[in-house]
Amino acid sequence: MRDASPQTIYLEDYTPFGYTVQEVHLTFDLAPSATRVTSRIRFAPNPQATDKTFFLHGENLSLISAKIDGEPVTPTLSEDGLTCDVPNMPFVWEAEVQIDPAANTALEGLYLSNGMYCTQCEAEGFRKITYYPDRPDVMSTFTVRINGPHATLLSNGNPVASGEGWAEWHDPWPKPAYLFALVAGELIAHRDTFTTMEGRKVDLALYVRPGDEGKCAFGMQALKDSMKWDEDVYGRAYDLDVFNIVAVDDFNMGAMENKGLNIFNASAVLASPETSTDTNFERIEAIIAHEYFHNWTGNRITCRDWFQLCLKEGLTVFRDSQFTADMRSEPVKRISDVIDLRGRQFPEDQGPLAHPVRPESFQEINNFYTATVYEKGAEVIRMLKTLVGDAAYAKALDLYFDRHDGQACTIEDWLAVFAEATGRDLAQFKRWYSQAGTPRVAVSDSFENGTYALNFTQSTPPSATTADPQPQVIPMAVGLIGPNGDEVMPTQVLELTQTSQTFSFPGLAAKPVPSILRGFSAPIVLDHTPDHAFLLAHDTDPFNRWEAARNLARASLMATIVKGAAPDQAWLSGIEKVLLDDSLDPAYRALMAGLPGQSELAAEMHRSGHTPDPDAIWVAVNALKQALSDRMRDGLSALYAAQQVSAPYAPDATQSGMRALGNTVLSLITRQDGGDQAQVQYDTADNMTQQLSALANLIRAGRGDAALAQFEAQWKDDRLVMDKWFGLQVIEAKPDDAADTAKALTRHAAFNWKNPNRFRATLGALAGHHAGFHAKDGSGYTMLADWLITLDPVNPQTTARMCSAFQTWRRYDAIRQSMIGKELDRIAATPNLSRDTTEMITRIREA
Ligand code: TRP
Ligand code: ZN
């Protein structure tokens, strides 16, 4: 079905479509295997376009009839669309097509999820619904009539009219087709209202399947908080009479910002204390905010083409991170974001899948919804704000909304607004959008005659898409600490623009200790070994204090792995102090005790000229945790007891911080008592955060069987909780058992591999288990490859995403590389492999 030799699309080839769309009318006659879609579209020649080819995208459609201005026409059909002769003046296109939602397992276009109709059109799914110029720069109003025997019939915009078996919707805001949505089913609405600062009363509803009514309240509150926040902080109000959210069980990603009708993976919206962890609550709050914020950054102002994806995603991730920082704790959010960036974006940026925040070519756009576009894209905006300052950022954003409302824009438009609002030349800054790779900055210093000098040297390794990286503009937030521990210079932002640059700080009594890259002011790797223990004790910047602990831990682990050194006493004593310091936020203390990821350690070994040994990494990490547990043995019970919350459960920052610290301490206790305390916590937990963490400890202590059986019996009817049950067993497996554990789970009656959440819970967990995935016998590689090959024809998008598990393969020893190479070859040789997976495997293999 797919093209045998996939085509590459280039940014530089952009041309506007030959026609504008004035109005779209759609009628859906719903039937599971034979849905009829009738379209009536008013086109007009686009004066801005020279190429007047009338090509409409369309995939997997059966064309029943086509008319122009009421006269039947016979278009020329191809695999990916149709062409037709059209008049050189405004005309009305009408088409009737038939589609098969029941057979749509790819979850793109119109599909059925547990009997409920839903859509996913971003990026190029609308072409599986009807023939259309399916590109984001073609914008139109939509009127939609849905005929179907369902209690709930939803589409974008405002409800116009409805009756028994039908409903009509109108979206007055011109939008690209990727924001189209339709939902039909027997759903229950959880309702509320919000009155905007402009006085518009908006009816809010969260639609769920019967049985999930009890999991709506938190998401609804998060929505109202988001609406208020966007008014307060960005001056942006909502613009329709209704805002609907629908939860669906089968969804490829987290959620989708369709205009007025957001569709969510059930895991990204449904929450209750009994079934969701604190981490789930925080993620749900952030995703609801993210999708809501897209209404302005994405929908009102959209992307000219898919190369500009970071225009909406980078900005919207940045906005949702600001929201979470405001709702909860700024340093905790910053640290969590950096952990995520290092865990997901750095490996991408430093491996064969490296691409610029704004890519310049792709084969399958679905493969570019990446950590680089999203998270590095957000970091770039954060840097821009740091460089121009808060007031200028606000001014630039006002200008952006003012000037570009209703348009489909580019990164050039975005930067022009900043250049104009601030008078800055952003030509060099733009490299953050065009160059791939993580810059490394080396630091050296000197002290002479009361003047302290800091020298920075930056370099970015070449990558698949960026052969010769040039120096970046790097905002470097720096503070100086005196030898007695007092801060002698508060944070200053230095602006690096050259390969090598020196900054001087006169008038100092003694040589200070520098605190560099405060708040992680740029997405770079810092090569610098100051006195980490000193900074851990004295840094006033909460991020860098955490970073000092991380650096100490990393150094300790590396010394253990490479030289068999004992755990570092400075880390042990520093962390003990922090954990026992009741003046610090418990959430922050829990983060301080965390260790670098095992994959990150493997990268560090590779970079420093060692071949990573996943088993040795696993052993070293466990030894360090054991050493902390041994050292703190006598104080653990009291510390644990102090984190127990007596108030009724609330997923707020205060309580979840206490539970996070409590569970960190529980894991240390389990290393002493073999799981006795964990068993008590398991038996008495009244919330999922504590139940799940207790279960993890019991598995780790080798006595999880009874609790696992109890958990399964308790939660067998709750899909989202059962995803945790599947995932946790793999996550907590010993390295040698990880692949076998995953394999056994895939034989469980409840392993529905066509459901992306269940597939990811099981196979994604295996891919994320560093020592388990890289088990010496290759069992992890084979297991994952088998399942990728199985899933590909059913759901290419989810398959392709998970191929990234192999992106780091060149770091490992020759035997592992050869085993992985064989699996990559085997996947590549699979007949009819999807375009999505073909592109990913090709890029990974070319490393
Ligand atoms: N635009 C969505 C977001 O970031 C992402 C998304 C949801 C998506 N579903 C998708 C992207 C399917 C590609 C394919 O909020
Ligand atoms: Zn988004």
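**Close-up views of a predicted model**

**View 1. Here is G437, a buried glycine.** G437 counts as buried because its relative accessible area is 2% (buried means under 20%, exposed over 50% and partly exposed in between, using a 1.4 Å probe and protein chains only). Look for G437 in the loop between α8 (431-434) and β25 (440-448); helices (H or I, at least four residues) and strands (E, at least two) are DSSP runs, numbered from the N terminus. Leaving aside neighbours within four places in sequence, G437 is in contact with D349, K376, T460 and S463, where contact means heavy atoms within 4.5 Å. F54 lies 383 residues from G437 in sequence and 40 Å away in space, C-alpha to C-alpha.

This is a predicted model, in which local features need pLDDT of at least 70, side-chain atom pairs count only at pLDDT 80 or more, and totals for chains, interfaces and linings use all residues. Residues are numbered from 1 along each chain as its sequence is written, chains are lettered from A and ligands numbered from 1 in the order in which they are written, and side-chain values use heavy atoms, leaving out hydrogens and water.

**View 2. Meet the zinc ion (ligand 2) and its donors.** Donors here are N, O and S atoms within 2.8 Å of the metal (3.2 Å for Na, K and Ca); water is not among the atoms, so sites may look incomplete. Along the sequence, the donor residues follow the spacing H-x3-H-x18-E. H294 sits in the loop between α2 (278-293) and β22 (302-303), while E313 belongs to helix α3 (residues 309-327), 19 residues apart, so this pair links distant parts of the chain. Both H294 and E313 are buried.

**View 3. Now look at the surroundings of ligand 1.** Of the 15 residues around ligand 1, the closest are E122, E257, E291, Y374 and Q797; to be included, a residue needs a heavy atom within 4 Å. A nitrogen atom of ligand 1 is 2.5 Å from an N or O atom in the side chain of E122. For the side chain of E257, the distance from a ligand 1 nitrogen to an N or O atom is 2.7 Å. With E291, an oxygen atom of ligand 1 is 2.8 Å from a side-chain N or O atom.

**View 4. Finally, find S629 in helix α14 (residues 614-632).** S629 counts as buried because its relative accessibility is 0%. Beyond neighbours within four places in sequence, S629 is in contact with L636, L668, R671 and Q672.

Technical notes:
A polar contact is a pair of N or O atoms within 3.5 Å; within protein, one must be able to donate a hydrogen and the other to accept it, and residues adjacent in sequence count only if both atoms are side-chain atoms.
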